[in-house]
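Hi,

Here is the structure I promised to pass on. Have a look at it first, and then read my notes below.

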Amino acid sequence: MRRLMILALVLPLTVVAEEAKKPAEAPKAPVAAPAASAETAAAKTELKVGTGIEKNELVGAAEAFKVAADTKIWARGKVAGLAADAKVTLTFSKGDKEAFRKELQAAGSPWRVKAYKTFRATDGGDWTAKLLGPDGAELASAKFKVEIQK
């Protein structure tokens, strides 16, 4: 009788153990997103300029700034549709002369990038901030005017 009781207890455990031994389905490999073209990325990109960044958002956005000398003006962009770890560049240009360039890494999509330029007493005039893709193509731009107070 004891043998039957032991067998009755061990048999269900054996069945459960056999089910646990079944190989699990192999996980499916993630499908890689197709690489986006600069044209697609440009359609999903924005760039604005302002007087500061608060809580990771641009503040004081405008097309014209009347500021004291040694004031920072920020460019804040959002890029999407680029490959992971793509390098983008933010530039500030006065006329056709580039005055500042900062290479940044877009570690995901969408990703936010920012940079600033300090405007000196002689930096008044018409400016353009540009966001360039990994291939150097312009993804977005923002034109603005700076007047330095004396």
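Before the notes, one term: two strands count as paired if DSSP finds at least two bridges between them. Keep in mind, too, that this is a predicted model.

With that term in hand, which residue in strand 5 is the bridge partner of Leu47? That would be Gly77. Strand 1 and strand 5 (residues 71-79) pair in the antiparallel sense, with five bridges between them. On to the next pair: strand 5 and strand 8 are also antiparallel, and nine bridges join them. One of the bridge partners there is Thr118 in strand 8, which goes with Lys72.

Put together, that gives an open sheet of three strands, in the order 1-5-8, with antiparallel pairing.

You'll find Arg112 in strand 8, which covers residues 111-119.

What does Arg112 touch, leaving aside residues up to four places away in sequence? The answer is Asn56, Glu57, Arg76, Gly77 and Lys78. Two of these are worth a click. The side chains of Arg112 and Glu57 are joined by a polar contact of 2.8 Å. Lys78 is 34 residues from Arg112 in sequence, yet their C-alpha atoms are 4.4 Å apart in space.

Finally, the whole chain. The protein chain has two helices and 10 strands, and from the N terminus the elements run α-α-β-β-β-β-β-β-β-β-β-β. Of its 150 residues, 31% count as buried. The protein chain exposes about 10400 Å², of which carbon and sulfur atoms supply 55%. As for contacts with a separation of 6 or more, residues 24 or more positions apart account for 60% of them in the protein chain.

Happy to talk it through whenever you like.

Cheers

Methods:
Residues are numbered from 1 along each chain as its sequence is written. This is a predicted model: local features need pLDDT of at least 70, side-chain atom pairs count only at pLDDT 80 or more; totals for chains, interfaces and linings use all residues. Side-chain values use heavy atoms; hydrogens and water are left out. Helices (H or I, at least four residues) and strands (E, at least two) are DSSP runs, numbered from the N terminus. Contact means heavy atoms within 4.5 Å. A polar contact is a pair of N or O atoms within 3.5 Å; within protein, one must be able to donate a hydrogen and the other to accept it, and residues adjacent in sequence count only if both atoms are side-chain atoms. Buried means under 20% relative accessible area, exposed over 50%, partly exposed in between (1.4 Å probe, protein chains only). Accessible areas come from the Shrake-Rupley method with a 1.4 Å probe; for residues, only the protein chains shown count as cover.
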